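Morning, everyone. Please have a look at the chain on the screen, and then I'll take you through it.

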Amino acid sequence: MSATTPTTSSAPLKRTPLYELHLEHGARMVPFAGYEMPVQFALGVLKEHLHTRAAAGLFDVSHMGQIVLRPKSGDVADAARALERLVPVDILGLAPGRQRYAFFTNANGGIIDDMMVANRGDHLLLVVNAASKEADEALLRAELSDDCDIERLDRALMALQGPRAEAILTRLAPDCAGMRFMDVREVQINGAACIVTRSGYTGEDGFEISTPIEAARPIAEALLGEPDVEPIGLGARDSLRLEAGMCLCGSDIDTETTPVEADLVWAIQKSRRIGGVRAGGYPGADTILEQLEKGTERRRVGLRPEGRAPVRTGAPLFESLEASESIGLVTSGGFGPSVDAPIAMGYLPGSFGTPGTKVFAEVRGKRLPVNVTELPFIVPRYKRS
Amino acid sequence: MKFTEDHEWLKLEGDVATVGITEHATTQLGDLVFVQLPEIGTKLAKGDDVAVVESVKAASDVYAPLDGEIVEVNEAVANDPSIVSSDPQNAGWLFKLKLADMNALESLMDEAAYKALVG
């Protein structure tokens with residue numbers, strides 16, 4: 001037998017500050033976005049996934065980019081107005097101490113990268129995907145340098161996710177107790193200045209913790225020292241986010257998909273839509289605003305295969321067992337350990353987008369029945385109040 | 001028991017080989033969530049795709065270890081793939097292959113050679 005594993009590039013791989021710790025915990029390391037990253041630990045993907053939903057999991061996401069936009073005027077509103085030239089998101093309305101989801105768009109309305117944007121009071125902090133962090137920084141420098149100083153932070157980033165995350169983190173950092181979903185705070189942990197957000201990529205309550213490089217290992221060790229915390233690799237990170245219905249940039253969203261097609265209109269606030277106080281003004285606004293009014297031909301949907309066979313990324317979708325032309329594509333697919341069934345996301349024409357509609361996915365030459373379903377696949381447990 | 005470089009094991013009774021994947025293979029794959037078995041009567045040449053084992057993150061093909069015909073499949077592992085993960089070299093067998101040529105068995109590895117291969 002032979003596993004279908006991704007191909008590797010020959011460029012030397014970077015390591016995060018937690019590399020040695022991963023090896024000590026039995027990680028299997030794989031190349032990912034230019035880094036050697038743990039795909040799984042001793043528990044294995046299935047049990048890591050279930051443990052995160054039952055207790056708490058610690059993820060190393062230090063490969064992601066952390067970029068500061070510091071307004072030259074000293075007024076964070078000027079950085080917000082500048083960033084709004086690149087994203088169809090209300091940044092000016094983002095209060096100090098709050099974070100929200102955003103994405104860079106291109107001239108066609110496609111998505112270049114998605115990110116979190118935090119208002120840190122006197123600057124904005126962006127967390128962007130590892131694979132595109134250099135390109136994102138270059139874009140910001142090219143477009144916003146008149147208004148902002150742009151700095152990529154050399155810090156570690158880890159996520160503590162799951163129903164036990166709050167109890168565990170507040171023992172180390174009592175200041176985190178009062179935080180709500182999407183709050184951001186500067187917090188001392190182990191004597192180090194950390195930036196903590198109450199957010200994540202799993203559908204669970206949890207925190208993302210940006211730490212100084214030298215503080216990363218002792219903080220990770222302190223968290224892993226808690227009996228409820230297990231280290232979690234990229235394998236379970238992917239199955240957790242898929243169950244939570246979240247997009248993977250480069251798979252579910254890319255430069256060829258608009259936020260409207262991707263069903264991300266919730267992230268485009270009224271102020272940036274037609275009739276809003278700052279409507280448009282970002283790349284591809286004509287396309288995106290028109291799609292917001294008129295809809296799109298295709299849309300991202302949730303998919304539930306009827307059988308037990310996983311339908312994986314790249315599987316073509318068909319209207320019937322016999323149809324010769326495919327009508328869509330699976331962009332993320334696999335097995336959902338908490339759902340205990342195969343799950344997927346993909347794009348279909350609007351006329352097939354109603355939950356309950358049956359289509360067929362082609363897997364190893366066979367067409368398997370798949371039902372369109374609402375996203376997410378699990379009930380999120382964010383701490384909203 | 002005989003072994004292949006593709007991490008399958010074979011146990012012979014008469015001219016029928018029971019085939020599964022090795023403990024080393026299941027360790028590499030992680031917990032299995034789906035097993036697709038061949039149909040009884042399928043005629044195979046060595047190296048043909050015969051079954052699929054899937055973990056949360058990936059699908060892996062199982063190849064025919066030798067020429068032959070499928071005479072039985074283990075429905076228990078199709079219903080509960082975790083049996084392959086927990087007992088790969090006994091209860092977790094996948095299918096039985098009636099061998100076309102018994103002499104071809106000589107081309108496979110014995111246990112010592114396989115252990116040397118996987119370290």
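One definition before we start: accessible areas here come from the Shrake-Rupley method with a 1.4 Å probe. By that method, chain A exposes about 15600 Å². Carbon and sulfur atoms supply 50% of that area. Keep in mind that this is a predicted model.

Now the overall build. Chain A has 8 helices and 20 strands. Its radius of gyration is 21 Å, close to the 21 Å that the globule rule gives for 385 residues, so chain A is as compact as a globular protein of that length. Along the principal axes, the C-alpha atoms fill a box of roughly 65 × 50 × 45 Å.

What about the inside? Of the 385 residues, 56% count as buried. Take the contacts in chain A with a separation of 6 or more: 65% of them join residues 24 or more positions apart.

Next, charge. Chain A carries 42 positive and 51 negative side chains. The centres of the two sets lie 4 Å apart.

Last, one residue. Where does UniProt place the feature "binding site"? The record puts it at A:Glu208, and the entry is unreviewed. A:Glu208 is found in strand β13, residues 206-212. Is A:Glu208 buried or exposed? Its relative accessible area is 11%, and buried means under 20%, so A:Glu208 is buried.

Who surrounds that side of the strand? Leaving aside neighbours within four places in sequence, A:Glu208 is in contact with A:Leu157, A:Met158 and A:Ala159, among others. Its contacts also include A:Ile195, A:Val196 and A:Thr197. A:Ser199, A:Gly200 and A:Tyr201 are in contact with A:Glu208 too.

How values were computed. Residues numbered from 1 in each chain as written. Chains lettered and ligands numbered in written order. Predicted model: local features only at pLDDT ≥ 70, side-chain atom pairs only at ≥ 80, totals over all residues. Heavy atoms only, no water. Helix = DSSP H or I, 4+ residues; strand = E, 2+ residues; numbered from the N terminus. Rg over C-alpha atoms; globule rule 2.2 N^0.38 Å. Buried < 20%, exposed > 50% of the residue type's maximum accessible area, 1.4 Å probe, protein only. Contact = heavy atoms within 4.5 Å. Lys, Arg positive; Asp, Glu negative; His and termini not counted. Charge placed at Lys NZ, Arg CZ, Asp CG, Glu CD. UniProt positions renumbered as here; feature names shortened; annotations may be inferred.
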